[in-house]
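Student: I am new to this structure. Please take one part and look at it closely with me.

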Amino acid sequence: MTTPSRLLLAARPVPLPVLLQHAGDCLAEREPARPYGCYGNTYDLVLDAQGRILRIEELYHP
């Protein structure tokens, strides 16, 4: 089943400072800057064999 967030938004690169600000706002229960929103503070991280982060994706959770 496709989640609503996947229907509305395509994954796109975000600079690390923007990601950190967004995650910090969500974890502190503050509203992040537009166009971002908080969706349950659940993230999917993809690592390479050396443990380097390849992708971080916020998972939709209403």
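Tutor: Start with a rule: a salt bridge is a side-chain nitrogen of Lys or Arg within 4 Å of a carboxyl oxygen of Asp or Glu. By this rule the chain has four salt bridges. Keep in mind that the model is predicted.

The chain has two helices and two strands. From the N terminus, their order is α-α-β-β.

Helix α2 covers residues 16-27.

Now look at what the helix hides. H22, A23, D25 and C26 are buried in α2. Seen down the helix axis, the buried residues fall within an arc of 160°, so they line one face. L16, P17, L20 and L27 sit on the other side of α2 and are exposed. In the chain as a whole, buried residues make up 15% of the 62 residues.

What covers the buried residues of α2? The cover includes β1 (43-47) and β2 (53-58).

Next, follow the chain out of the helix. E29 comes after α2 and has a positive phi, near 60°. One of the salt bridges links D25 to R30, with the closest N and O atoms 3.0 Å apart. D25 counts as buried because its relative accessibility is 7%, and the cut-off is under 20%. R30 is partly exposed, at 45%.

β1 and β2 run antiparallel and are joined by five bridges. V46 has R55 in β2 as its bridge partner. Five residues lie between the strands of this hairpin, and G51 has a positive phi near 90°.

The side chains of R52 and D48 also meet in a salt bridge, at 2.7 Å from N to O. R52 counts as exposed, with 52% relative accessibility.

R55 forms a salt bridge too, with E57, where the closest N and O atoms are 3.6 Å apart. R55 is partly exposed, with a relative accessible area of 38%. E57 is buried, at 17%. Salt bridges with shared partners join D44, R55 and E57 into one network.

One face of α2 is lined by buried residues, and their cover includes β1 and β2. D25, one of those buried residues, forms a salt bridge with R30.

Note on methods. Residues are numbered from 1 along each chain as its sequence is written. This is a predicted model: local features need pLDDT of at least 70, side-chain atom pairs count only at pLDDT 80 or more; totals for chains, interfaces and linings use all residues. Side-chain values use heavy atoms; hydrogens and water are left out. Helices (H or I, at least four residues) and strands (E, at least two) are DSSP runs, numbered from the N terminus. Buried means under 20% relative accessible area, exposed over 50%, partly exposed in between (1.4 Å probe, protein chains only). The expected span of a helix is 1.5 Å times one less than its number of residues. The arc is that of the directions from the helix axis to the C-beta atoms. Contact means heavy atoms within 4.5 Å. Two strands pair if DSSP finds at least two bridges between them.
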